[in-house]
Amino acid sequence: MTEPSAGPSIDPPSRPIGRIAVCDVAPVVEHGERPAKSVIGEEFEVTATVFREGHDAVGAAVVLTDPDGQEHRVPMTRVNAGLDAWSATVSADRAGRWTYRVEGWSDPYGTWHHDAVINVEAGVDVELMLEEGARVLERAGAEVVRGKEQDAVVTRAVAGLRETGWAPEARLGAGISAEVRAELRERPLREHVTASAEHPWLVERERALYGAWYELFPRSEGARYDESTGRWRSGTLATAARRLDAVREMGFDVVYLTPIHPIGRVNRKGRNNSLRAEPHDPGSPYAIGSSDGGHDALHPDLGTFDDFDAFVAHARRLGLEVALDLALNCAPDHPWVAAHPEWFTTRADGSIAYAENPPKKYQDIYPLNFDNDPEGLYAEIRRIVRVWLAHGVTIFRVDNPHTKPLRLWERLIADVAAEHPDVIWLAEAFTRPPMMHALAKVGFQQSCTYYAWRHTRDELAEYGAELAGPAAAYMRPTFWPTTHDILTPFMQRGGPAAWKMRAALAATLSPSYGIYAGYELMERVARPGAEEQIDNEKYEYKDRRWAEHDAAGDTLAPYLSRINEIRRAHPALHRLRNLRFHHADDQHVLVFSKARRVYDRDDVIVVVANLEPDRTRDTWIHLDMATLGLGFRDHFVAHDLITGEHWNWSEHNFVRLGPATEPVHIIHVRPEGITGPR
């Protein structure tokens with residue numbers, strides 16, 4: 001006779017469930033292996049499921065541990081009794097590595113409160129219930145540390161519960177008054193305390209989330225074409241520094257420089273990405289390296305390190321941070337190619353493989369191979385990063401990080417942070433979502449996005465909700481309507497209203513956004529067959545003659561200035577997780593809001609955008625008033641921050657947007673204008 005099987009062996013869980021069940025803590029990134037992220041003062045929700053057997057009450061709190069090891073408890077609120085869902089809003093007051101955990105406990109006071117209300121009202125065991133309440137509160141007074149005033153609240157409640165000269169209802173009222181409940185919520189009596197795992201939390205400076213970027217090619221700023229010789233004179237870091245005042249006047253926070261290193265001569269690209277360069281074509285700054293040096297050198301046409309230091313110093317005086325493009329690309333004549341051929345991929349015919357991103361080919365660039373000598377290559381990359389940190393760079397925009405190992409970035413960002421915790425890394429990775437999310441998880445503070453290709457209401461709402469949802473715990477987006485590589489068909493077709501609209505949406509949907517130099521001039525002519533500008537600045541100098549356009553008034557610079565001024569004045573626009581969408585009858589009109597409480601004042605912004613701005617659109621919009629902190633019958637003054645106009649708005653409002661007016665309303669909900677029952 002066959003013996004019955006004992007069944008499969010089941011290993012015990014690594015973390016047995018506690019006396020009180022504390023489950024489903026969020027946000028948690030990669031099962032707690034990587035930190036959730038926020039910036040200083042950024043509020044977010046911590047949620048959990050907390051319960052116990054039977055009907056006894058439970059309580060919960062989030063315990064925040066700061067970088068010095070001090071604990072801070074934040075009471076949680078049960079937001080769904082049927083699902084035992086609890087929530088608390090938390091924030092950190094300084095940067096550093098924090099942790100958080102959720103604690104759940106059995107709540108003797110809550111259990112008594114529930115039972116006492118029912119029994120006293122029914123006249124069942126009244127004296128017993130009141131005495132049990134007094135004893136619970138005596139325990140609360142004895143076992144939990146309180147100040148003198150807080151202790152008096154509990155003492156008065158005990159005395160009231162035992163005041164036999166009062167009616168039972170009055171005695172019960174003394175034990176369940178608002179001040180007693182508030183005190184027991186803040187400093188509860190706890191039994192069977194059970195804690196979740198500790199989860200890592202990285203708190204960073206605000207620029208990691210919020211900022212307006214301006215991209216420029218230093219060689220173009222101050223470049224001049226000599227008609228007599230037919231040759232260009234390159235701009236320099238000194239002439240580029242003169243552009244910084246205008247960048248700051250437009251309200252930008254970060255000036256981002258494309259690569260400023262020597263450019264290879266072998267296989268140099270000509271104008272419009274042609275394979276043949278003329279003798280004086282400057283080449284692509286992304287084809288880095290020549291006999292003049294590599295990633296740790298400056299292009300000789302741009303000047304010296306003294307000039308670079310002066311550029312950074314002037315930027316700082318203006319309140320601008322300098323971001324540098326970290327492009328780990330090498331021209332065929334980069335010094336590394338001769339000194340370290342093992343850092344590249346050699347093909348069967350003995351040639352070194354050049355870069356490709358189908359359908360694009362980069363014959364002037366050799367990509368690095370990180371498998372042959374990973375330690376030697378890492379040490380060199382770490383060295384060149386140190387060079388630029390020593391010269392005042394505080395932000396790195398990393399070119400195509402998705403084509404390098406994730407482990408490289410995890411290690412490099414962590415190593416730099418150990419010495420320079422304020423350094424920010426932006427991942428320029430237009431690739432598959434899993435890689436984009438992984439780059440954020442391993443340390444990149446900001447991520448480029450698909451914003452440039454999201455145009456319809458449904459696309460923008462779905463994408464905005466995705467970025468502002470659970471992913472916001474670790475991934476911070478930046479929105480760019482165009483770049484030196486991107487000029488979408490929408491932007492090619494669009495007139496001034498379209499260019500205004502896309503800039504305004506980028507600046508209000510995302511707390512971080514960027515503008516590529518020339519956006520002010522609406523440079524919208526594409527190279528045939530490509531989604532990038534013709535006569536692209538990657539391959540030639542571009543003299544934009546800023547002063548002439550300013551004098552003629554054919555520039556969007558005043559509009560960008562106003563957008564950035566609005567962003568600075570309204571802290572609601574400094575955040576991502578507060579993004580909420582509303583409804584418009586017209587599918588070509590997008591409506592969203594952001595709200596934030598700062599110093600006991602609510603800052604509420606509503607944005608209404610015509611997504612086909614070259615046509616006038618009339619429609620009704622319907623606001624979720626609760627999302628704005630208002631009652632459904634309230635009226636408020638809607639102050640359009642673009643035009644200065646004011647309207648009386650409520651839940652349902654008629655709007656007209658188009659080229660004859662403005663393509664976007666940016667509405668400040670004026671609190672002094674709110675009327676109606678609340």
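Me: Which residues is Asn536 in contact with, leaving aside its neighbours within four places in sequence?
Reply: Asn536 is in contact with Asn272 and His484, where contact means heavy atoms within 4.5 Å. This is a predicted model, in which local features need pLDDT of at least 70 and side-chain atom pairs count only at pLDDT 80 or more, while totals for chains, interfaces and linings use all residues. Residues are numbered from 1 along each chain as its sequence is written, and side-chain values use heavy atoms, with hydrogens and water left out.

Me: Thanks! Where is the place of Asn536?
Reply: Look in the loop between E24 and helix H15 (546-552). The H and E names belong to DSSP runs numbered from the N terminus: helices (H or I) have at least four residues and strands (E) at least two.

Me: Does Asn536 count as buried or exposed?
Reply: Asn536 counts as buried, because its relative accessibility is 0%. Buried stands for under 20% relative accessible area, exposed for over 50%, and partly exposed for what lies in between (1.4 Å probe, protein chains only).

Me: How many residues apart in sequence are Asn536 and Asn273?
Reply: They are 263 residues apart in sequence, and 8.2 Å apart in space from C-alpha to C-alpha.

Me: Back to Asn272: what is its phi?
Reply: Asn272 has a positive phi of about 55 degrees, although it is not a glycine. For background, most residues other than glycine have a negative phi. Asn272 sits in the loop between strand E14 (254-257) and helix H7 (305-317), and it is partly exposed, with a relative accessible area of 22%.

Me: Where is the cis peptide bond?
Reply: A cis peptide bond joins Ala26 and Pro27, with omega at about 5 degrees. Pro27 lies in the loop between strand E1 (21-26) and strand E2 (36-39).

Me: Let's switch to sheets. In what order do the 8 strands of the open sheet come?
Reply: The order is E23-E22-E21-E20-E15-E14-E11-E24, and the pairing is parallel. Strand E23 (477-478) and strand E24 (512-516) are at the edges with a single partner strand each, so one side of each has no neighbour in the sheet. Two strands pair if DSSP finds at least two bridges between them.

Me: What does E24 pair with, over 5 bridges?
Reply: E24 pairs with strand E11 (residues 211-216) in the parallel sense. Within that pairing, Tyr516 of E24 is the bridge partner of Glu215.

Me: And how many bridges are there between E22 and E23?
Reply: Strand E22 (residues 446-448) and E23 pair in the parallel sense over 2 bridges. Here Pro477 in E23 is the bridge partner of Ser447.

Me: Why is E24 largely enclosed by the rest of the structure?
Reply: Because 5 of the 5 residues of E24 are buried. Both faces are covered, with Ser512, Gly514 and Tyr516 on one side and Tyr513 and Ile515 on the other.

Me: How many residues does the largest nonpolar core have?
Reply: This core has 157 residues, and those with the most contacts inside it are Phe396, Trp409, Trp425 and Leu505. Helix H14 (residues 496-509) gives the most to this core, with 9 residues. A second, separate core of 21 residues includes Leu130, Val153, Leu161 and Leu189. A nonpolar core is a set of buried Ala, Val, Leu, Ile, Met, Phe, Trp, Tyr and Cys residues joined through side-chain atoms within 4.5 Å.

Me: What is Trp425 in contact with, leaving aside neighbours within four places in sequence?
Reply: Its contacts include Leu326, Val385, Phe396, Val398 and Leu412. Phe444, Gln445 and Gln446 are also among them.

Me: One more residue: which strand is His199 in?
Reply: His199 is in strand E10 (residues 199-204). His199 is buried, at 9% relative accessible area, and leaving aside neighbours within four places in sequence, its contacts include Val25, Val28, Gly32 and Trp98.

Me: Finally, how many helices and strands are in the chain?
Reply: There are 16 helices and 32 strands. Of the 678 residues in the chain, 54% are buried, and the C-alpha atoms fill a box of roughly 110 × 75 × 60 Å along the principal axes.
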